[in-house]
Amino acid sequence: MKKNLLLIFMESMASNFSANTPELKKAQLDYLSFSPGGVDLAGTGWTIAGQVSKTCGIPLNIPGDINPSGINKFLPYVTCLTDILKSQKYRLTYIQGSNSDFASTRTFWTEHGVNDIRDFEYYDKKHKLSKNYPAFIGFEDLLLWQFAKNDISEIAEKNQPWFLSLITENTHFPRGHISTNCKQPEKEETN
């Protein structure tokens with residue numbers, strides 16, 4: 001029997017916010033969690049490289065710009081988890097709160113079997129965002145989780161096993177973006 005799969009990439013969570021999330025630390029101890037977690041290995045330490053390494057099992061070692069945009073073929077000779085799931089007739093969806101064209105993220109996912117990409121532009125075209133939506137580098141995670149919850153309900157209605165991957169934005173390096181629903185840190189006084 002095929003199982004539905006949910007893969008969550010929490011951007012810079014371990015390095016930026018781990019002290020503020022004791023419930024995640026508890027979940028890490030109580031459930032399946034992969035280590036080293038929070039330790040960047042060569043070729044895994046930036047957004048697209050982390051997604052490649054976790055999905056394909058290899059580091060992303062490329063010359064030049066670490067966020068390459070405009071790539072036409074993205075690791076065409078590599079078999080990733082999504083390639084295997086596509087061959088098993090899974091419905092593959094990827095969600096992110098920013099533009100998936102940055103760092104050729106859209107190319108990576110589509111080259112490896114994902115044909116349902118839902119990013120800032122997708123939700124904006126669906127009129128899910130207010131006009132001139134203010135955001136850090138995309139829409140905040142509070143909306144991401146709301147959209148993902150609705151999207152999972154929609155995807156699960158189909159009579160097909162599914163895989164959904166999403167990436168958070170609020171915790172993005174260097175200091176993230178604290179949601180307006182969270183307690184705001186006190187500003188440091190400068191002398």
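Is Phe139 buried or exposed? In this predicted model, Phe139 is buried, because its relative accessible area is 1%, and the cut-off for buried is under 20%.

Now look at Phe147. Its ring pairs with that of Phe139. The arrangement is edge-to-face.

Phe139 and Phe147 belong to one aromatic cluster, together with Phe120, Tyr122 and Tyr123. Across the whole structure, a search finds eight aromatic pairs.

Next, turn to the cysteines. A disulfide is a covalent bond between the sulfur atoms of two cysteines. How many does a search of the whole structure find? It finds one. The partners are Cys56 and Cys80, with their sulfur atoms 2.0 Å apart. This link joins distant parts of the chain, as the two cysteines are 24 residues apart. Cys56 sits in helix α3, which covers residues 47–56. Cys80 sits in the loop between α3 and α4, and helix α4 covers residues 81–87.

The link also has a handedness. The angle about the S-S bond is 90°, and the link of Cys56 and Cys80 is right-handed. Where do its two ends lie, buried or exposed? Cys56 is buried, and Cys80 is buried as well.

Key. Residues are numbered from 1 along each chain as its sequence is written. This is a predicted model: local features need pLDDT of at least 70, side-chain atom pairs count only at pLDDT 80 or more; totals for chains, interfaces and linings use all residues. Side-chain values use heavy atoms; hydrogens and water are left out. A disulfide is a pair of cysteine sulfur atoms within 2.5 Å. Helices (H or I, at least four residues) and strands (E, at least two) are DSSP runs, numbered from the N terminus. Buried means under 20% relative accessible area, exposed over 50%, partly exposed in between (1.4 Å probe, protein chains only). Rings of Phe, Tyr and Trp (its six-membered ring) pair if their centres lie within 6.5 Å; planes under 30 degrees apart count as stacked, over 60 as edge-to-face and the rest as tilted.
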